[in-house]
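User: Please go through this model with me, one question at a time. I would like each answer to end on the value or name I ask for.

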Amino acid sequence: MALAVAEEDSTLMKLESACADLKKILKASAKMEDKLGKIDKNFDTIEETISAASRSIAPLHSLAMTTKALETRINRAVSPALALVDSFKLAESLQHRLLQLSSRASSLRDSQKRLKLLLKYVDCVDQLNATLNTINQDGEPVIHKLQEVVEFLSRTKATDQFRTHRLRETLVTLKALYETEVDAMRFEGLLDQALLNLQDEFEGILLQARHQNINELSEDKEADQMVPSDLASELEVQVLSRISETLAANDCLDICIDIFVKVRYRRAAKALMQLNPDYLKTYTPEQIDEMEWESLETAITLWIQHLELAVKTVIVSEKRLSIQVLGGIMDGVIWRECFVKIADKLMAVFFRFGEGVARSSKEPQKLFKLLDMFDSLEKLKIQFTEIFEGEAGADICTRFRELEKLLVHASSGVFWEFGLQIEGNADGLPPPKDGSVPKLVRYAINYLKYLATETYSVSMAKVLRTEQIWKAGILSKPETHENLLKEAISNIMEALQRNIESKRSYYKDRVMPHVFSMNTYWYIYMRTRNTELGKLIGEQDMKEKYKVVAEESAYMYQMQAWGPLVGLLDMEEEANDAGVAVIRGKMEAFLKGFDEISQRHRGFYNIPDVDLRGQIREATVKFLIPAYTEFLNSNSTLVQAKSYVSPESIEGLLGQIFDGADRKLKRRDSKDPKTGGGILASVEGEGETKDF
């Protein structure tokens, strides 16, 4: 019970405390409400004060805004005008600097210092040009804005008359200065004179850019060692490049191009003139045909050397200089045009000579020089195309290809014409009277041997293949180089064989055709054996076509020349009771026939090949001496030992017939009219001829 009473007392105390706190809060709220009322009254008073002040300040604010707008408008016109005046001052300062630099440059002798000063001169010209461009570009808008401001101030009376008058005077002065001085400074003043000076300097430095001694280069270095030289130093290139860009920026690009092309062509042409290319003055087909072959051969050799030298050194060097000097103008378009103009004039001289040679008469000896020319163009083709790449070099590359086409047609034309000449010669000049090898055969075999060498076979095959592709179309499948050349040369060889066979019929003597055929076919076989020509045609084919025919002709020669003598010694037809008279008659007929055939050998039958002559001598000895020995042995009882010519002497006489360079028999004089100084007189110790 007591515990319950205590709890109630505690609760009551808490309630009383809370009631007291609420009373305090209500009193504080009432006080706060009174203060807020007072503050509200103060705000109303302040607002009324601010409104009154605002109404008083409003006219002043409007005036300030008007003044600010007027100031901005005036500044927009005056600030550019002041900048324009500063530009005029800068232009005047730059002109004075140009005069100073020009004066210093004229007195300098050191080339390096002078070039460095020229760079400063070019910088000054560029700055002056930029300044004048700025004046020219900004002048009219600036004057127009200033004029609008002056008119506005005059019309609105926004400022005092003194200031308006000063602005008007400034406008008049600036306008007069712009209208009278700008064009004069651009086209008649120091800038124009400076541009003329730069043109002279540009030409002078280009003239100093010389090629190295090209004549010594051609003598001292091989083709693969020909390296183009730098025509100008790094500083000279920098100056030239800056001058060209400055001239281009000042509407002098045409003059710059004209100077560059003219000067560099003169320098390049002068470098090539060191080679003494006088032969290039003769270039029409008619003039080429009138030249002596030795002179033309030398001229073509020089042409090949000089063309390669010109392309690999002079032309490449000129291209490099063109890029260095003009490469920064118009994205590289200008340097290509200038370079091609220079190179086109140089190459045209070489092209027209090559075209003249290709269009000249188709003489056989020209083939190898035409192939040399074709081969030189083939070697230069890749580099030439790289040098003249792009649209600018299209024309000169086209002319290069046209020259190559002409050489292909000329080379193949000369080759086929050579075959036709061999074919047509069958009814022409008669064969040699002594049965030796005709000059045509010697010439043709040496010609084809030379053509089949590694030096010319590749070029000739390429020419034939190219021509075949042109005729059959690019989609055709031409034969290989080797097959084409083999077929072409085989056709010439067959024509030569037909020519030889037709020549045989000219001889009336029964032995001479076989001597001629033996000599000629043996010559062909021996000269082509173990050579590139023999390997190309085929060694077996050469044996079958030429060696076998030569051996057959040798056999027929033996039968026709010496066979009748062996027939005279045949004893089968003689009776056993043949007397001395019969034997003497046979002996005399044999010696007489031997004498006649020896005379024919001495005067007509010529076997120039030493090896062939030795083989024929050996075969003749084997053919004749055994028959003669047998004849003597069979009739030894009918003839005295000293009354006949021994087999050894006959063999010696055969040696005289076939031996020696002149192959003439040595004879002793005889008073016996029957012998007539023949072979009997050349036998010593064999008795007198009257015994026969």
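**Helices, rings and salt bridges**

Analyst: Asn530, whose phi is positive, near 60°, follows helix 16. The model is predicted, so local features need pLDDT of at least 70 and side-chain atom pairs count only at pLDDT 80 or more, while totals for chains, interfaces and linings use all residues. Residues are numbered from 1 along each chain as its sequence is written, and side-chain values use heavy atoms, with hydrogens and water left out.

User: How many of the 17 residues of helix 16 are buried?

Analyst: Helices are DSSP runs (H or I, at least four residues), numbered from the N terminus. Buried means under 20% relative accessible area, exposed over 50%, and partly exposed in between (1.4 Å probe, protein chains only). Helix 16 is mostly covered, and the number of its 17 residues that are buried is 16.

User: How far apart are the end C-alpha atoms of helix 20?

Analyst: The expected span of a helix is 1.5 Å times one less than its number of residues. Helix 20 (residues 580–603) has 24 residues and should therefore span 34 Å. The model agrees, as the end C-alpha atoms are apart by 34 Å.

User: Which helices do the buried residues of helix 20 pack against?

Analyst: The buried residues of helix 20 include Ile583, Met587, Phe590, Phe594 and Ile597. Contact means heavy atoms within 4.5 Å. The buried residues of helix 20 pack against helix 18 (539–561), helix 19 (563–568), helix 21 (610–634) and helix 22 (647–658).

User: What separates the C-alpha atoms of Ile607 and Phe658?

Analyst: Ile607 is in the loop between helix 20 and helix 21 and is buried, with a relative accessible area of 2%. Ile607 and Phe658 are 51 residues apart along the chain, and their C-alpha atoms are separated by 8.1 Å.

User: Are the rings of Phe339 and Phe388 stacked or edge-to-face?

Analyst: Rings of Phe, Tyr and Trp (its six-membered ring) pair if their centres lie within 6.5 Å; planes under 30 degrees apart count as stacked, over 60 as edge-to-face and the rest as tilted. The structure holds 21 aromatic pairs. The centres of Phe339 and Phe388 are 5.3 Å apart and their planes are at 15°, so this pair is stacked.

User: Where in the chain does Phe388 lie?

Analyst: The pair links distant parts of the chain, 49 residues apart, with Phe339 in helix 10 (residues 333–359). Both Phe339 and Phe388 are buried. Phe388 lies in the loop between helix 11 (366–387) and helix 12 (394–424).

User: What is the N to O distance in the salt bridge of Arg600 and Asp509?

Analyst: A salt bridge is a side-chain nitrogen of Lys or Arg within 4 Å of a carboxyl oxygen of Asp or Glu, and the count by this rule comes to 19. The side chains of Arg600 and Asp509 meet in a salt bridge with an N to O distance of 2.8 Å.

User: Is Lys366 buried or exposed?

Analyst: The side chains of Lys366 and Asp289 meet in a salt bridge (3.4 Å, N to O). Asp289 counts as partly exposed at 35% relative accessibility. At 4%, Lys366 counts as buried.

Conventions:
Helices (H or I, at least four residues) and strands (E, at least two) are DSSP runs, numbered from the N terminus.
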